[in-house]
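Colleague: I'd like to learn how to read the features of a model like this one. Could you walk me through a few?

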Amino acid sequence: IWLEQELEYAVDRDQLRLLYQPKFDIRTSRIIGYEALLRWDHPVHGEISPLRFIPLAEKSGMIVPIEQWVLRTACAQAKRWELAGRSSLPIAVNISQVHLMKPDIYESILQTLQETEFDPHLLELEITESAMMHNEDHVIEILDKLKEAGISVSMDDFGTGYSSLSYLHSLPINCLKIDRSFIRKITTDKDSKAIAEMIISMAKQLGLKIIAEGVETKEQVALLQELQCYNVQGFYYSRPLTPEQVDRAHVS
Ligand code: G
Ligand code: G
Ligand code: NA
Ligand code: MN
């Protein structure tokens, strides 16, 4: 209960920050983009995981201003990296179901892009499979508008919800992120491998990009390469980084 109230002040009191986890192409070992991940530095309890406070924030509605802050901060950061002369890489932010259902989400995202002068073609929104399962017609309508504006959408934690093939086909999305629960067991459990394999071939059939999350070992990398899933994210390549760590990693 206390956390919930304190969350209301977290944005204003500057207690939130973002880490940026790189995504890699295993063929080149090059970074192909970043995902912004939220952290809450509580003055007393220390770092609180989003797994703990996002459900609270969704219940209270605070998730909306919080994710607006995330979006603004991530776009502004990516714009700074662009201006600093790095190659322009896409940046992904997570959008919760509550936020997705806000009537003015489209206008709000476009306004943030204008304010930060960030290219919509470099913005990706990650929305979980389960969040996309609510109010399907409405989701399609919003995603259509976002797509028209040049924004990409990835289905996050794919394989943990229950989207039908026909719904998947009708959704204007660009990419499936294979949930880490399958990747974790991909080299030891043949069912997990079979599921990953099926998701990869389905993505190909549907013309969707594919990325594996939670890649932690070189055996997993080798197997994913064999399955022709070349985009990965995970501790094997990099943990989520502070902006300063990203800066240092890239001094050329
Ligand atoms: O980074 P970490 O593994 O602690 O993140 C835990 C969970 O919190 C992940 O599922 C991640 O997607 C989620 N998360 C991180 N940042 C955000 C955010 O800004 N919005 C939402 N909705 N989820 C986030
Ligand atoms: O749900 P989502 O896919 O957004 O979750 C992203 C979260 O997963 C991040 O908070 C990040 O800290 C975590 N994560 C990223 N790579 C790995 C990994 O290789 N292993 C594990 N266990 N967690 C990871
Ligand atoms: Na995500
Ligand atoms: Mn995920």
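Modeller: Let's start with a ligand: the shell around ligand 2 divides into 4 nonpolar, 5 polar and 5 charged residues. Here Ala, Val, Leu, Ile, Met, Phe, Trp, Tyr, Cys and Pro count as nonpolar, Asp, Glu, Lys and Arg as charged, and the others, Gly among them, as polar. This is a predicted model, in which local features need pLDDT of at least 70 and side-chain atom pairs count only at pLDDT 80 or more, while totals for chains, interfaces and linings use all residues. Residues are numbered from 1 along each chain as its sequence is written, and chains are lettered from A and ligands numbered from 1 in the order in which they are written.

Colleague: Which residues are the closest to ligand 2?

Modeller: A residue is near a molecule if its C-beta atom, placed from the backbone, lies within 6 Å of it. Of the 14 residues that surround ligand 2, the closest are Leu-37, Gly-214, Glu-216, Gly-234 and Phe-235.

Colleague: And which helix gives the most to the shell around ligand 1?

Modeller: Helices (H or I, at least four residues) and strands (E, at least two) are DSSP runs, numbered from the N terminus. Helix 2 gives the most, with 3 residues. Strand 2 (30-42), helix 2 (50-60) and helix 3 (63-83) each supply at least two residues of that shell. By class, the shell around ligand 1 has 7 nonpolar, 3 polar and 1 charged residues; Glu-67 and Val-70 are among its members.

Colleague: Which residues of helix 3 are buried?

Modeller: A residue is buried if 20 or more other C-beta atoms lie within 10 Å of its own, exposed if 12 or fewer, and partly exposed in between, with C-beta atoms placed from the backbone. In helix 3 the buried ones are Ile-63, Ile-66, Glu-67, Val-70, Leu-71, Ala-74, Cys-75 and Ala-78. They cover an arc of only 160° around the axis, so they sit on the same side of helix 3. The arc is that of the directions from the helix axis to the C-beta atoms.

Colleague: What follows helix 3?

Modeller: Gly-85, with a positive phi near 90°.

Colleague: How do strand 5 and strand 6 run, parallel or antiparallel?

Modeller: Two strands pair if DSSP finds at least two bridges between them. Strand 5 (residues 123-128) and strand 6 run parallel, joined by 5 bridges. One such pairing links Leu-125 to its bridge partner Val-153 in strand 6. Strand 6 is mostly covered, with 6 of its 7 residues buried.
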